[in-house]
Amino acid sequence: MGEIGMLGAPSWRLVGGLLVFLVLATVVAEVLYRRARSEGLRATLLNVRHRIYAWWLMAGVLVACLALGETAVVLLFLGLSLLALREFVHLVPEGERDRRVVVWTMAVLCPLHFWFVWEHWYGMYAIFIPVYAFLFLPVLLALSGRTESFLHRAALAQWGLMVCVYALSYLPAVLQLPVAVHSGKEAADGSPVGAGGVEAGSLLLFLVVVVQGSDVLQYLWGKTTGRHRIAPTVSPNKTWEGFVGGVLSATALGAGLWWLTPFTPWQAGVLALVSCLLGFVGGLVMSSLKRDRGIKDFGASIPGHGGILDRLDSLIFAAPVFFHLTRFFFSL
């Protein structure tokens, strides 16, 4: 399973680039904050500082887990899934919660699903939640004897499990993709990229950097050039200018990172574009959920970002499609 570590020389070069970027961003944000005069500008820059500090923590944790090996990465995302489930459960009104469903979901279904991922049992983790858990949860609710709002409660349980566990689990699953290589490209140790585990972290880093980079770039383009809102009642800060500028910039970033992957530059660009588009709609969908519940953020565990679901919403939608596109078209 690549327990020696999931990062090879190309991955460490990217990590070095991220380190330089974070250092520069930290210095620039500090200088601008200290020179700001208006309260409004200081408040915006304070939020930017919090976001950068959070990026230091998130990037450090992910890189450390990748360096430790696949088990550490799976455990990391198992923990994130449980935290995301906790945030999702808190969205459900007290009268609509079912304690047995919560216990089964968090104590049994979620850990069992990630065990399938850790075991590389693709046939099971691909269908366990969409088939077996999908059928099991409404049965559990029916046995409780409560019929009021049954459809609503069943849909919440199923949807929360799909979003917080199933979709999110495709991030660590990316590590096990036995991807084909272009032009006989090999890892630093002579093994094919993604085949021996040494370079397995490259695909995960590629996906995370491109999708999260798209979020950041959309934010910057929107703040500087945004004029026309896409869905004002859903996400007032999302503009067409920010969307187009951010997605195209992140697509170019993905194409430029082709050397980190088994893809050619144009293939890396296409996959980056698809991932960024899915990341955008993921944010839009999760924003709709927050508006429905009348909240600004899913939580407050990540300063400047909100909760776990606020930070991972784009990856939740992008990861499953990226995984299967790569598996279908680039697998050995």
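**Helix contacts, salt bridges and surface features**

His-324 sits in helix H12, which covers residues 308-330. In this predicted model, His-324 is buried, with a relative accessible area of 17%, a value that falls under the 20% cut-off for that label. A polar atom of the His-324 side chain lies 3.0 Å from the backbone oxygen of Pro-320.

The side chains of Asp-215 and Arg-311 meet at 3.0 Å, N to O. Asp-215 belongs to helix H9 (residues 201-225) and Arg-311 to helix H12, so this pair ties together parts of the chain that are 96 residues apart in sequence. Arg-311 itself is buried, at 8% relative accessible area.

Over the whole structure, a search turns up 8 salt bridges. One of them joins Arg-49 and Glu-30, whose closest N and O atoms are 3.2 Å apart. Here, too, distant parts of the chain are linked: Arg-49 is in helix H2 and Glu-30 in helix H1, 19 residues apart. Arg-49 is buried, with a relative accessible area of 15%, and Glu-30 is buried with a value of 15%. Another salt bridge pairs Asp-297 with Lys-296, at 3.6 Å from N to O. Of these two residues, Asp-297 is partly exposed at 28% relative accessible area, while Lys-296 counts as exposed at 65%.

The patch is formed by Leu-19, Val-23, Val-27, Val-31, Tyr-53 and Trp-56, and together they have about 490 Å² of accessible area. H1 gives the largest share, with 4 residues. Tyr-53 is placed in helix H2 and is partly exposed, with a relative accessible area of 35%. Thr-44 is another residue of helix H2, and it is partly exposed as well, at 34%. Thr-44 and Tyr-33 are 11 residues apart in sequence, and their C-alpha atoms are 9.0 Å apart in space.

As for the cysteines, the search of the whole structure finds 0 disulfides. For Cys-65, the closest cysteine sulfur is that of Cys-110, and at 16 Å it is too far away for a bond; a disulfide would need the two sulfur atoms within 2.5 Å. Cys-65 counts as buried at 12% relative accessibility. Cys-276 is buried too, at 1%.

Just after H11, Gly-294 takes a positive phi of about 70°. Most residues other than glycine have a negative phi. Against that background, His-120 has a positive phi near 65° without being a glycine. His-120 is found in the loop between helix H4 (99-118) and helix H5 (122-125) and counts as partly exposed, at 33% relative accessibility. Ser-149, also not a glycine, has a positive phi of about 55°. This serine is in the loop between helix H6 (128-143) and helix H7 (150-167), and Ser-149 is partly exposed at 43% relative accessibility.

Terms used: Residues are numbered from 1 along each chain as its sequence is written. This is a predicted model: local features need pLDDT of at least 70, side-chain atom pairs count only at pLDDT 80 or more; totals for chains, interfaces and linings use all residues. Side-chain values use heavy atoms; hydrogens and water are left out. Patches are made of residues with over 30% relative accessible area and no salt bridge: like charges are joined within 9 Å, nonpolar side chains (Val, Leu, Ile, Met, Phe, Trp, Tyr) within 5 Å. Accessible areas come from the Shrake-Rupley method with a 1.4 Å probe; for residues, only the protein chains shown count as cover. A salt bridge is a side-chain nitrogen of Lys or Arg within 4 Å of a carboxyl oxygen of Asp or Glu. Helices (H or I, at least four residues) and strands (E, at least two) are DSSP runs, numbered from the N terminus. Buried means under 20% relative accessible area, exposed over 50%, partly exposed in between (1.4 Å probe, protein chains only). A polar contact is a pair of N or O atoms within 3.5 Å; within protein, one must be able to donate a hydrogen and the other to accept it, and residues adjacent in sequence count only if both atoms are side-chain atoms.
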